[in-house]
Amino acid sequence: MTPEDSIGIDLGSIDLVTTSRGEKFANPRHYRTLERQLKREQRKLSRKQPGSNNRRKQRQKVARLNEQIANRRQDVLHKLSRQLIDENQAIFCEDLNVKGMTRGNMGKAGWGELVRQLKYKAQWAGKTCLQIDRFYASSKLCSACDYKYIELARSERSWTCPNCGVEHDRDINAAINIQKEGLKQYVAAGLSETENACGETVRPA
Ligand SMILES: [Zn+2]
């Protein structure tokens, strides 16, 4: 496997997956529309008389919307995980416990689901999905010169390295660092295409 066959992904927020190649996967627009609709219907529900017929009907409406959103969410995640697996031999991402996963609409559960899909699809395809298991500041490290920019604020979406002058998109830089670290761990673990991250041998297709 060459470095070009691998990819690092930054799980910044479910609305935006950023890869080490600079791709950004945004959530489809119709999905956000549904979520706005849900909020509206939930507000209506809270205003209905307890025990009333109207409240019961409104509750069903909210339940249907919740289900639609859940299905759409699964759909988006399956397409994304399929594409990442198809295009790469190895996918590297962060350990979800390492990062505050409260941002975005899906939160930790959504990311857990994406990683779960990546892992089993990688196993089926004889590829590798590796989670970086030790903490390191993927956002604050310059992917060009390894300078640690400790002053980087949460609100800064882009920054210029004070050491080498390279301009960074925050999420792309983080994804590149994840890929670099992933490759290091991949090589150290002596993983091959027929062995997944858990060390299990994957049968050839
Ligand atoms: Zn630098």
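Reader: Hi! Which residues does Phe92 touch, not counting residues up to four places away in sequence?

Author: Hello! In this predicted model, Phe92 touches Ser6, Gly8, Leu130, Ile132, Ile178, Gln179 and Gly182 once those sequence neighbours are set aside.

Reader: Nice. Is Phe92 buried or exposed?

Author: Phe92 is buried, because 27 other C-beta atoms lie within 10 Å, and the cut-off for buried is 20 or more.

Reader: And where is the place of Phe92?

Author: Phe92 sits in strand 4, which covers residues 90-94.

Reader: How many residues of strand 4 are buried?

Author: Five of the five, so strand 4 is largely enclosed by the rest of the structure.

Reader: Which residues point one way from strand 4, and which the other way?

Author: Ala90, Phe92 and Glu94 point one way, while Ile91 and Cys93 point the other way. Side chains alternate between the two faces of the sheet in a regular strand.

Reader: Which way do strand 4 and strand 5 run, parallel or antiparallel?

Author: They run parallel, and five bridges join them. As one example, Ala90 has Thr128 of strand 5 as its bridge partner.

Reader: Let's go to the core. Which residues have the most contacts inside the largest nonpolar core?

Author: Those are Ile9, Ile91, Phe92, Cys93, Leu118, Ala175 and Ile178, in a core of 25 residues. The elements that give two or more residues to this core are strand 1 (6-13), helix 2 (53-87), strand 4, helix 3 (107-125), strand 5 and helix 4 (170-188). In soluble globular proteins, nonpolar side chains tend to be buried together.

Reader: Which element gives the largest share of this core?

Author: That would be helix 4, with six residues.

Reader: Tell me about helix 4, then. How many residues does it have, and how far does it reach?

Author: Helix 4 has 19 residues and reaches 27 Å from its first C-alpha to its last, close to the 27 Å expected. Its buried residues include Ala175, Ile178, Gln179, Glu181, Gly182 and Tyr186. After the helix comes Gly190, whose phi is positive, near 65 degrees.

Reader: You mentioned Glu181. How far apart are Phe92 and Glu181 in sequence and in space?

Author: They are 89 residues apart in sequence, but 8.4 Å apart in space, C-alpha to C-alpha. For the protein as a whole, take contacts between residues at least 6 apart in sequence: 63% of them join residues at least 24 apart.

Reader: Which residue other than glycine has a positive phi?

Author: Asp146 has one, with phi near 70 degrees. It is found in the loop between strand 5 (128-132) and strand 6 (158-160). Asp146 is exposed, because 12 other C-beta atoms lie within 10 Å, and 12 or fewer counts as exposed.

Reader: Zooming out, what pattern does the protein follow along the sequence?

Author: The pattern is β-β-β-α-α-β-α-β-β-β-α, made up of four helices and seven strands. Of the 205 residues, 25% count as buried.

Reader: Good to know. What pLDDT does the protein average?

Author: The average is 84, and 81% of the residues score at least 70.

Reader: And where does pLDDT stay under 50?

Author: Over residues 101-105, for which the model has twelve contacts beyond four places in sequence.

Reader: Thanks! One more: where is confidence highest, and where is it lowest?

Author: It is highest in strand 7 (residues 167-169), at 96, and lowest in strand 3 (residues 24-26), at a mean of 84.

Methods
Residues are numbered from 1 along each chain as its sequence is written. This is a predicted model: local features need pLDDT of at least 70, side-chain atom pairs count only at pLDDT 80 or more; totals for chains, interfaces and linings use all residues. Two residues are in contact if their C-beta atoms, placed from the backbone, lie within 7 Å. Two strands pair if DSSP finds at least two bridges between them. A nonpolar core is a set of buried Ala, Val, Leu, Ile, Met, Phe, Trp, Tyr and Cys residues joined through C-beta atoms within 7 Å. pLDDT is the predictor's confidence in each residue, from 0 to 100. The expected span of a helix is 1.5 Å times one less than its number of residues.
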